[in-house]
Amino acid sequence: MPELSHRRRMLVLAICCMSLLLVSLDNTVLNVALPSMRRELHASVSGMQWTIDAYTLVVAALLMLAGSTADRVGRKRTFQTGLVVFTLGSALCSLAPNLEALVAFRMVQAVGGSMLNPVAMSIIANTFTEPKERARAIGVWGGVVGISMAAGPLVGGVLVQSVGWRSIFWLNLPIGLAAVVLTARYVPESRAPRPRRADPVGQLLVITLLGSLTYAIIEAPDRGWGSPLIAVCAAVAAGSLAGLVAYERRRAEPLIELRFFHSVPFSGATVIAVSAFAALSGFLFLNTLYLQDARGLNALHAGLWMLPMAAMCFVFAPLSGRLVGSRGPRLPLLLAGAAMGMSGVLFAAFDAQATDGLLLAGYVLFGIGFGLVNAPITNTAVSGMPRTQAGVAAAVASTSRQVGASLGVAVIGAVLSSGASGSAARFTEAARPAWWIIAGCGAAVLLLGVVTTGRWAAATARRAATLFGDEERAPAQTSASTSA
């Protein structure tokens, strides 16, 4: 791709951020609308879980395919296709007559969504080639998540309260159409010089693994953990994982490049992403049900209560990007893990829901933690990989996020089970184990932040780079991972 002017690079970054705003705002607003959707569509808690996880599952299953397809047929073309499909899926969701149709249309949305964020990130990685400039660009990217989290609860609350839950999907239409037009005009086309071949067997195994695992977790509380169907799903998931690893190890150009995971910083980034996004999705799911079902607040008031968390995310996401660019990922990861873990402990051990002050403190701490965690994940994952495979590397990081989001909703919903209904006191007791899970996710981010940013981790990154015959990229990985 030819060198672009500073102004053109900023335009490309802005357009890529529009796609992130599109997806992030949709997910944030959806959480506020869940209780209204549940009442109108006569859905159970598991039905609401599927409204979220139908999307995240499809995205997680197709992200690797989208990344490699973008490297092969063109990132701009794939990005535009994703925008069109996502916008169409949003229009269909707004017309859904029942829960089953809504879940199906959310899957259409997800097909488009799988072509957006990882492809946009690979466009950014190929546009901003200097490590510090790229880290700052990723910080801006992370700030968009903060914007969506800040705007989502409030915008969603206003729309749901005044127009109805269907209006939340209308938001995507003007943003999506504008992004399509701007992409056609300003984003240059780019491809990998040696793109990977398609891997249909690996793709099928990924879909089977994620689908069977999530189905087992979500449906087990209703069907029983000892149900034959749940046991079969668990066995299918385990077999799919074993088969995927064995098959991908033998392929010259696998769907999931297992050599990436020889790098401890890269492997750590994927696990941190799963932990952080499981905590986020579980946090939003818990609090949406608590504020509206247990406390009896309307959608707007619930959105206002979530605003402190969103505001902290908005403030700390760009700060995290600057910290990663100047000092490396260790400090933001340690602070993120500590803040998220402390938030979970406040709810689990000190009943933060009992007083407004503690409740707000829990929201603020979680917002700080999540705001700090996103930039080091992305920077570490993308910086350590050859630029020619940027789409695949970015897709691994994005897949980890979606897997975490899907597992977070599935596990937290399963823990809540039938105990979530009723009074606020009953909800608090039922949710206590779920809050300990969120605290554990924060602790995992903290521990991995220590392990993956030291000298030993940097040495594994250099050795991983040599596996690709790409030793010149090893110092970049070291800088991105340990430059503090």
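Guide: Among the elements that line the largest pocket, H15 gives the most, with 5 residues. The model is predicted, with pLDDT of at least 70 required for local features and 80 or more for side-chain atom pairs, while totals for chains, interfaces and linings use all residues. Residues are numbered from 1 along each chain as its sequence is written, and side-chain values use heavy atoms, without hydrogens or water.

The largest pocket holds about 590 Å³ of space. A pocket is an open set of points on a 1 Å grid over the protein atoms alone, with protein on both sides within 12 Å along at least five of seven lines, whereas in a cavity a 1.4 Å probe fits but cannot get out; lining residues have an atom within 4 Å of a point. The volume is the space filled by probe spheres set on points joined across faces, edges and corners.

In total, 21 residues line the largest pocket, and Leu209, Leu241, Leu244, Ile256 and Phe261 are those nearest its centre. At least two lining residues come from each of five helices: H2 (45-73), H8 (200-223), H9 (228-250), H10 (264-294) and H15 (390-416). Such helices are DSSP runs (H or I, at least four residues; strands are E, at least two), numbered from the N terminus. The chain has 18 helices and 0 strands.

The lining of the largest pocket consists of 17 nonpolar, 3 polar and 1 charged residues. In this scheme Ala, Val, Leu, Ile, Met, Phe, Trp, Tyr, Cys and Pro are nonpolar, Asp, Glu, Lys and Arg are charged, and the others, including Gly, are polar.

H8 is one of the helices of this lining, and alanine 198 lies in the loop between helix H7 (172-186) and H8. Although alanine 198 and leucine 65 stand 133 residues apart along the chain, their C-alpha atoms are separated by 7.7 Å.

The whole structure contains 4 cavities of 30 Å³ or more. The largest cavity has about 610 Å³ of space. Its lining comprises 36 residues, with Ser24, Asn27, Phe277, Leu280 and Gln402 closest to the centre. By class, the lining of the largest cavity has 21 nonpolar, 13 polar and 2 charged residues.

The second largest cavity has about 80 Å³ of space. Among the residues around the second largest cavity are Thr28, Asn31, Val32, Pro153, Leu284 and Met306. H1, H10 and helix H11 (299-305) each provide at least two of its lining residues, and H10 provides the largest share, 4 residues. The lining of the second largest cavity divides into 6 nonpolar and 5 polar residues, with no charged ones.
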